[in-house]
Amino acid sequence: MDSLPLDVSHPAVQDYLSLVRLQVLTPLSLLINIATLVVCSVIVKPSAGSIIKSHPTSISPSPNLISAYAIAICLGQIGYCTLLVVARKPETKTTIVKGVGLSLVFANWLMALWAVCWVLEFFLLSTILLGLLVLCLLYSNIALLTYHPPTSSRPLDTALIHAPLRFFLILPLSLLFPYSLFITLGLYYSPSNPEHYGRFAWPGFGVTCGANLIGLFVILMRRDIVWAVAATWICVSIWTARPKPAPVYITVILFTVLHPLALIGTILYRRLTKREGRIALPTDEDHDTGAPNGRGPREIDAEALWGSG
């Protein structure tokens, strides 16, 4: 056969081939990531959790809570891979192919390589890999929000595409990258001298305060449930790993309370303004309200006025 019966240069054919490629590569990268994390956390000695305990910093998290977070990331990706196979709506397929694409595949590979470098204590290389991971996930999340924003008409897209990608991003952005950077720069103390836990308190305060302020801004602007849950989870993982210097401890405790309150407050405010904005004053049969040109009050769409958030 001299040529294929299909025109592979046609955009629809290219999108289909891209989808098939993702259906193979994404689950494979996830399996490699899961296998690597399990080996580095359970089988290899010292394990990833042991490295955290042997290099305490002012922002060191609880290994158990971070392990649970990683499990939640993997479960979210399993849901994404399921949707990747069973998706039928053209909009969903377009979101997967053009919004996520190979970014998640690269992210899983980077996470697996990071786990290997972490247990080998190659902290500089670990920091570089985490920086690349943040950039990769940041790109895919921005692409999703810009060109394929979540919509109530496709709740599965929101739950299985947007939520797992954002949940994945927040861990290295808010915790893993700065923690690895601290160790690379020598901003840690010896576990045999726990009385030195107050060292480098202010760099830890700057990181935790800055990361949580960004999260709080996102929660307030977008009523982002995923970010609220993830940021609160990370705050809890930090203050449960004692001891902590006072500036860091107070900051993470404060934001553990602020993130849920901000989410609840913005949801309530949104509902109240939406209800008030849709109230229109009654008019008589002739619509004679004394307004110029006989125009009466019209219904206000608060969503159009304030934006979808």
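Residues are called buried when their relative accessible area is under 20%, exposed when it is over 50% and partly exposed in between, as computed with a 1.4 Å probe on protein chains only. The structure is a predicted model, in which local features need pLDDT of at least 70 and side-chain atom pairs count only at pLDDT 80 or more, while totals for chains, interfaces and linings use all residues. Residues are numbered from 1 along each chain as its sequence is written, and side-chain values use heavy atoms, with hydrogens and water left out.

The protein contains 11 helices and zero strands, where helices (H or I, at least four residues) and strands (E, at least two) are DSSP runs numbered from the N terminus. Along the sequence the pattern is accordingly written α-α-α-α-α-α-α-α-α-α-α. Of the 309 residues in the protein, 44% are buried. When contact is taken as heavy atoms within 4.5 Å, 78% of the contacts between residues at least 6 apart in sequence join residues at least 24 apart.

Helix α3 (residues 63–86) and helix α9 (residues 225–239) have axes that come within 9 Å and cross at roughly 155°; the axes are lines fitted to C-alpha atoms, for helices over the stretch in contact, and the angles run from 0 to 180 degrees between N-to-C directions. The two helices, α3 and α9, are therefore roughly antiparallel to each other, given that angles over 145 degrees count as roughly antiparallel, those under 35 as roughly parallel, those from 65 to 115 as roughly perpendicular and the rest as oblique. On the α3 side the contact is made by L65, I66, A68, Y69 and A72, and on the α9 side by A230, W233, I234, V236 and S237. The residues of this contact between α3 and α9 comprise nine nonpolar, one polar and no charged, with Ala, Val, Leu, Ile, Met, Phe, Trp, Tyr, Cys and Pro counted as nonpolar, Asp, Glu, Lys and Arg as charged, and the others, Gly among them, as polar.

A pair of aromatic rings is described by the distance of the centres and the angle of the planes. Rings of Phe, Tyr and Trp (its six-membered ring) are paired here if their centres lie within 6.5 Å, and planes under 30 degrees apart count as stacked, over 60 as edge-to-face and the rest as tilted. By this rule the count comes to seven aromatic pairs. In one of them, Y69 and F167 are stacked, at 4.2 Å centre to centre and with 5° between the planes; this pair links distant parts of the chain, since Y69 belongs to helix α3 and F167 to helix α7 (residues 155–184), 98 residues apart. Both Y69 and F167 are buried. The rings of W202 and F205, by contrast, have centres 5.5 Å apart and planes at 80°, so that this pair is edge-to-face. W202 and F205 are three residues apart in helix α8 (residues 201–222) and are thus separated by about one helical turn. W202 is exposed at 58% relative accessibility, whereas F205 is partly exposed at 29%.

Side chains of opposite charge can pair when their charged atoms come close. With a salt bridge defined as a side-chain nitrogen of Lys or Arg within 4 Å of a carboxyl oxygen of Asp or Glu, a search of the whole structure finds two. One joins the side chains of R154 and D157 at 2.7 Å, N to O; R154 is buried with a relative accessible area of 16%, and D157 is buried with 4%. A salt bridge also joins the side chains of D224 and R166, at 2.7 Å, N to O, and this pair links distant parts of the chain, with D224 in the loop between α8 and α9 and R166 in helix α7, 58 residues apart. D224 and R166 are both buried.

Several backbone features fall in the loops. The peptide bond from K45 to P46 is cis, with omega near 0°, and P46 is found in the loop between α1 (11–43) and α2. A cis peptide bond also joins R242 and P243, with omega about 0°, and P243 is found in the loop between α9 and α10 (246–277). E121, although not a glycine, has a positive phi of about 65°; E121 is placed in the loop between α5 (103–119) and α6 (123–147).
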